[in-house]
Amino acid sequence: MSIVTRSETLKNYIGGEWTESTSEKSEEVVNPATGVVLCSVPHSNQNDLNRAVMVAKETFKEWRKTPVPRRARILFKYQQLLVEHWEELAELVTKENGKTYKDAYGEVQRGIECVEFAAGAPTLMMGSQLPDIATNIESGMYRYPVGVVGGITPFNFPMMVPCWMFPLAIACGNTFILKPSEKTPMLANRLAELFTEAGLPDGVLNVVHGAHEAVNGILDHEHIKAVSFVGSQPVAEYVYKTAAANGKRVQSLAGAKNHSIVMPDADLDLAVKNIMEAAFGSAGQRCMACSVVVTVGDIGDELVRRLVEAADEIKIGNGMEKDVFLGPVIRGSQRKRTIKYIESGEKEGCQLVRDGRKDRISDKQGYFIGPTIFDHVKPGMIIWKDEIFAPLLSVVRAENLEEAIDITNQSEFANGACLFTTNAKTVREFREEMDAGMLGVNLAVPAPMAFFPFSGYKNSFYGDLHANGKDGVDFYTRKKMLTARY
Ligand code: NAD
């Protein structure tokens, strides 16, 4: 275990070897809670990528023929190793991302669940047959891997999001090149290292660090057959269009602006507890974060009062410290950007009922900003519209459920939406009318588990087959039909 905590330039993992990038460019990886530089990450270039692709392409010849149960056994072993290293992995997530240890621990669990799902490959990869499509003629569908797959991931889930991709792709017989976020690249090396320890042959999983050049290399490379992307909306759209134009399969998961509707009959204690978690947990840097609350009827004042009261109780600080609920945002630039949005909300005339700029964390060098709440926000305002990706919550008032759903559906994003109510009919109407991919009722963050698809719509997703679940299996396999006369 040599790679992850040294204050030096990270290496790429290619063909089972730790390989220095040939690029001269790099950037610092910083602990956002302390400002301390953890290491540097290379901005790998086309040469580095070509090398990884050639290895992955060569390895694919054998890996695709490795019996599926044997592949699954390696995943079972990998699952065990991840469980054994759970605390270490969670600590690393907190260090490079800033989220609290509790959040990081939960994230590691979500990653492990993906490995558990992928270990079901022998069943998941089964085809289907019809013995009598005509007299003495039968047809069968067989699944095969696609080839070399490229995965490009964001900073906010250094464990979970890569695990949406490479375990299932590899279980399905593909070889993989992971390009982790340059802001949180360290965990990827450890994940690759542990997979090798579990028995994964060299060259099946490769890690190429970097930024735009490495991404463009993946999108353009003729030997990469499929691309899984998760990140912000403009990049997701660009990745989708470019990779698709180059003839690749693409699934491209993008940004979000998730609304939670609170009905007058809701259990307010439950609603407040869950909205706090969803709006300010992981410093609002989740694609399933709640960034807008829509209050219905006359509960608005009471709900806002309680939200502010609960936000005042939040402990802000380094995520490794006990009882800290709100860690830093990822970089100083993101803190500045958030402050600009607070100023924009003030200019647009909404009511700033809790100002996170005033939370002073004087002994800390990190990128902290306290929980911020705007009331009387209107659809169309900038803070309602944009994904801010910070602990900033907007409250919009609506007269009734119909109006609340209409406001929510006006968003260009459609990752998730939540409802707090005690009325079954309201739940049904919400489910029928809401134009978003992942709905939640009386809970905070309705992120589906690995055996279901991660299912955003509109500008939250580009492509056809989503990540995880049967969609994931379809994405990482090609179907071949055999029709035969006997
Ligand atoms: P980002 O788009 O800045 O970066 C994601 C990846 O794209 C990184 O690996 C980065 O190196 C690369 N990249 C960034 N800009 C690029 C460019 N111009 N050209 C080529 N490559 C580029 O995203 P982020 O800030 O790391 O992550 C946060 C975003 O990810 C948020 O918008 C969040 O909603 C989204 N996200 C979505 C989901 C989902 O399931 N829909 C899940 C997690 C995160």
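Predicted model: local features only at pLDDT ≥ 70, side-chain atom pairs only at ≥ 80, totals over all residues.
**Entry 1: a bridge in the sheet.** Strand β12 (residues 258-262) and strand β18 (residues 416-420) run parallel, and 4 bridges join them.

**Entry 2: the sheet around that pair.** I then asked myself which strands make up the rest of the open sheet. There are 7 strands, and I read their order as β14-β15-β16-β13-β12-β18-β19, with mixed pairing. The edges belong to β14 (351-354) and β19 (438-441); each has a single partner strand, so one side of each is left without a neighbour in the sheet. I noted an average twist of 20° from one strand to the next.

**Entry 3: helices on that sheet.** I checked what packs here. Helix α10 (residues 268-280) lies across β12, β13 (290-296), β16 (392-398) and β18, and its direction is at about 155° to β13. Helix α12 (residues 332-347) packs on the sheet too, where it touches β14, β15 (372-375) and β16. I get about 30° between the direction of α12 and that of β16.

**Entry 4: another sheet.** I also found an open sheet of 3 strands, in the order β5-β6-β22, with antiparallel pairing. Here β5 (128-134) and β22 (477-485) stand at the edges; since each has a single partner strand, one side of each is left without a neighbour in the sheet. The twist averages 25° from one strand to the next. I zoomed in on one pairing: strand β6 (residues 137-145) meets β22 in the antiparallel sense over 9 bridges.

**Entry 5: two helices side by side.** How do helices α3 and α7 pack, at what angle and how far apart? I found helix α3 (residues 86-97) and helix α7 (residues 186-197) at an angle of about 160°, with their axes 9 Å apart. Angles over 145 degrees count as roughly antiparallel, and α3 and α7 are therefore roughly antiparallel to each other. I listed who makes the contact: L89, L92, V93 and E96 from α3, and M186, L187 and R190 from α7. Sorted by class, that contact has 5 nonpolar residues, 2 charged ones and no polar ones.

**Entry 6: around the ligand.** I looked at the shell of 28 residues around the ligand, where P154, G231, S232, G255 and C287 come nearest. Divided by class, the shell holds 15 nonpolar, 10 polar and 3 charged residues.

**Entry 7: the record.** Last, I checked the annotation. The unreviewed UniProt entry gives "binding site" for F155, K179, E182, K183 and E387. These residues are spread over 233 residues of sequence and are also spread in space, with up to 23.5 Å between C-alpha atoms. I placed one of them: K179 lies in strand β8 (residues 175-179).

Terms used
Residues numbered from 1 in each chain as written. Near = placed C-beta within 6 Å. Nonpolar A, V, L, I, M, F, W, Y, C, P; charged D, E, K, R; others polar. Axes fitted to C-alpha atoms, helices over the stretch in contact; angles between N-to-C directions. Parallel < 35°, antiparallel > 145°, perpendicular 65-115°, else oblique. Contact = placed C-beta atoms within 7 Å. Pairing = 2+ DSSP bridges. UniProt positions renumbered as here; feature names shortened; annotations may be inferred.
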